[in-house]
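I opened a notebook page for this chain.

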Amino acid sequence: ATEEVSIINSKEGNRLAGTLVLPYKMTNTTPIVVMITGSGAQNRNEEILGHQPFWVLADYLAKNGVASLRLDDRGVGESEKGKDDATSQDFATDISSAVDYLSKKGYKNIGLLGHSEGGMIAPMVAVDNKNVKFMVLLAAPGVPISELMVQQNEEIGKLAGLPEQLLAENRKTNTDIYNFIIN
């Protein structure tokens, strides 16, 4: 069964639209995951090049007894944009509001399923929201974000065919920038 839902971010006031997918034998203790997309504005299915991985996961999970809630990111689909220049911390308030929404509906076994940046946001939410009982992290950052960003920029430069000297200069500049931001 599916249900279209609308959730208000209790901290920032923006409205989020999503789809709740429930397995056949749903109870208030059935596991339910809030799916968290990766970086960049994405729809609730995390659609890329016509593929809808979150839709596929929601279908598979429901057929195997796990409910899910997937949301359009801010400013995508039916979700409101919210404030300008939203950060990962702001996105975490969206997800925490979704967890609270499910808790108010009586669900007791709420988890987070985060992909990429969503795998970084999930622990941020779990630390502060006592209603989160478990997490599933897919391709989540395993190193500090500043290191990851330097590495990703370098890999993009390599794919673009940049010479090694320019890659080294960019690596130093990016490291300096991220260290400045952190400090």
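The entries below run from the whole chain to single residues.

**Entry 1: whole chain**

I noted at the start that this is a predicted model. I counted five helices and six strands in the chain. I then read the order along the sequence, and the pattern is β-β-β-α-β-α-β-α-β-α-α. Next I took the extent of the C-alpha trace, which spans about 60 × 30 × 30 Å along its principal axes. The chain has 183 residues, and 39% of them are buried. For contacts, I looked at those with a separation of 6 or more; 66% of these join residues 24 or more positions apart.

**Entry 2: helix 2 against helix 3**

I looked up how helix 2, residues 88-104, sits on helix 3, residues 117-128. Their axes are 9 Å apart, at an angle of about 65°. Angles of 65 to 115 degrees count as roughly perpendicular, so helix 2 is roughly perpendicular to helix 3. The crossing of the two helices is right-handed.

Which residues make the contact? From helix 2 I listed Ser-88, Gln-89, Phe-91, Ala-92, Ile-95 and Ser-96. From helix 3 I listed Glu-117, Met-120, Ile-121, Met-124 and Val-125. I sorted this contact by class and got seven nonpolar, three polar and one charged residues.

**Entry 3: helix 3 on its own**

I checked the length of helix 3. It has twelve residues and reaches 18 Å from its first C-alpha to its last.

I then asked which residues of helix 3 are buried. They are Glu-117, Gly-118, Gly-119, Ile-121, Ala-122 and Val-125. Among them, Glu-117, Ile-121 and Val-125 also belong to the contact with helix 2. The cover over the buried residues of helix 3 includes strand 3, helix 2, strand 5 (110-115) and strand 6 (132-138).

**Entry 4: helix 4**

I moved on to helix 4, residues 145-159. Its 15 residues reach 21 Å from first C-alpha to last, close to the 21 Å expected at 1.5 Å a residue. The buried residues here are Ser-146, Leu-148, Val-150, Glu-154 and Gly-157. What do the buried residues of helix 4 pack against? They pack against helix 5, residues 164-182. I also looked at what follows helix 4, and found Gly-161, with a positive phi near 85°.

**Entry 5: helix 4 against helix 5**

The axes of helix 4 and helix 5 are 9 Å apart, and the packing angle is about 155°. Angles over 145 degrees count as roughly antiparallel, and helix 4 and helix 5 are therefore roughly antiparallel to each other. Helix 4 passes helix 5 in a right-handed crossing.

On the helix 4 side I found Ser-146, Met-149, Val-150, Asn-153, Glu-154, Gly-157 and Lys-158. On the helix 5 side they meet Leu-167, Arg-171, Asn-174, Thr-175, Tyr-178 and Ile-182. By class, this contact has five nonpolar, five polar and three charged residues.

**Entry 6: Asn-174**

I picked one residue from that contact. Asn-174 lies in helix 5. Is Asn-174 buried or exposed? Its relative accessibility is 18%. Buried means under 20%, so Asn-174 counts as buried. I set aside its neighbours within four places in sequence, which left contacts with Val-150 and Asn-153. Both of these are on the helix 4 side of the contact.

**Entry 7: two loop residues**

I turned to the loops. Asn-28 is in the loop between strand 2 (15-21) and strand 3 (32-36). Its relative accessibility is 38%, so Asn-28 counts as partly exposed. Leaving out neighbours within four places in sequence, I found Asn-28 in contact with Gly-106, Tyr-107, Lys-108 and Asn-109.

Lys-11 is in the loop between strand 1 (2-8) and strand 2. Its relative accessible area is 66%, so Lys-11 is exposed.

How values were computed
Residues are numbered from 1 along each chain as its sequence is written. This is a predicted model: local features need pLDDT of at least 70, side-chain atom pairs count only at pLDDT 80 or more; totals for chains, interfaces and linings use all residues. Side-chain values use heavy atoms; hydrogens and water are left out. Axes are lines fitted to C-alpha atoms, for helices over the stretch in contact, and angles run from 0 to 180 degrees between N-to-C directions. Helices (H or I, at least four residues) and strands (E, at least two) are DSSP runs, numbered from the N terminus. Angles under 35 degrees count as roughly parallel, over 145 as roughly antiparallel, 65 to 115 as roughly perpendicular and the rest as oblique. A crossing is left-handed if the near helix is turned anticlockwise from the far one by less than a right angle, and right-handed if clockwise. Contact means heavy atoms within 4.5 Å. Ala, Val, Leu, Ile, Met, Phe, Trp, Tyr, Cys and Pro count as nonpolar, Asp, Glu, Lys and Arg as charged, and the others, Gly among them, as polar. The expected span of a helix is 1.5 Å times one less than its number of residues. Buried means under 20% relative accessible area, exposed over 50%, partly exposed in between (1.4 Å probe, protein chains only).
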